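Below is a short report on helix packing and nonpolar cores. Look at the structure first, then read on.

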Amino acid sequence: MSSRIRVVVAKPGLDGHDRGAKVVARALRDAGMEVIYTGLHQTPEQIVETAIQEDADAVGLSILSGAHMTLFKRVFELLAERDAADIVVFGGGIIPDADIPELERMGVAKIFTPGATTQSIVDWVREHVATPVS
């Protein structure tokens, strides 16, 4: 018997635009996943703490502010410090194509840029995030 995939959807930093994150959170929820949406203006520390407390299988970061390199890096540092590096991290937002290879080297499993469909995000999460077994 398996339980549902648990995903934390987070808006790190000072970015105040969360419509896309809410749409993705709802799509994941409607697809049968457990979704914890953290709200706006979360620090990497708050996001990692939520992911650990909620026993998340994945964290989806939505970043439109341009601070993606710094914010992703800090999330990975904190996950490593907390022995939670097995949590899959993916992201989306306004992220230049030129930055995606470096984010992938950092450990970001997938970046969804504007125009990605919610179905493509749902399908990717289902395929790349292990379903936990209870």
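Which residues does Leu61 touch, not counting residues up to four places away in sequence? Leu61 touches Ala10, Pro12, Ile47, Phe72, Val75, Val89, Phe90, Gly91 and Gly92; contact means heavy atoms within 4.5 Å.

This is a predicted model, in which local features need pLDDT of at least 70, side-chain atom pairs count only at pLDDT 80 or more, and totals for chains, interfaces and linings use all residues. Residues are numbered from 1 along each chain as its sequence is written, and side-chain values use heavy atoms, with hydrogens and water left out.

Leu61 also belongs to the largest nonpolar core. Such a core is a set of buried Ala, Val, Leu, Ile, Met, Phe, Trp, Tyr and Cys residues joined through side-chain atoms within 4.5 Å; buried means under 20% relative accessible area (1.4 Å probe, protein chains only).

| Core | Size | Members include |
|---|---|---|
| Largest | 24 residues | Val8, Val59, Leu61, Phe72, Leu79, Ile111 |

Helices here are DSSP runs (H or I, at least four residues), numbered from the N terminus.

Helix 3 (residues 68-81) also packs on helix 2 (residues 44-53): their axes, lines fitted to C-alpha atoms over the stretch in contact, come within 9 Å and cross at roughly 45°. Pro44, Glu45 and Val48 in helix 2 meet Leu71, Arg74, Val75, Leu78 and Leu79 in helix 3. These contact residues divide into six nonpolar, no polar and two charged.

Technical notes
Axes are lines fitted to C-alpha atoms, for helices over the stretch in contact, and angles run from 0 to 180 degrees between N-to-C directions. Helices (H or I, at least four residues) and strands (E, at least two) are DSSP runs, numbered from the N terminus. Ala, Val, Leu, Ile, Met, Phe, Trp, Tyr, Cys and Pro count as nonpolar, Asp, Glu, Lys and Arg as charged, and the others, Gly among them, as polar. Buried means under 20% relative accessible area, exposed over 50%, partly exposed in between (1.4 Å probe, protein chains only).
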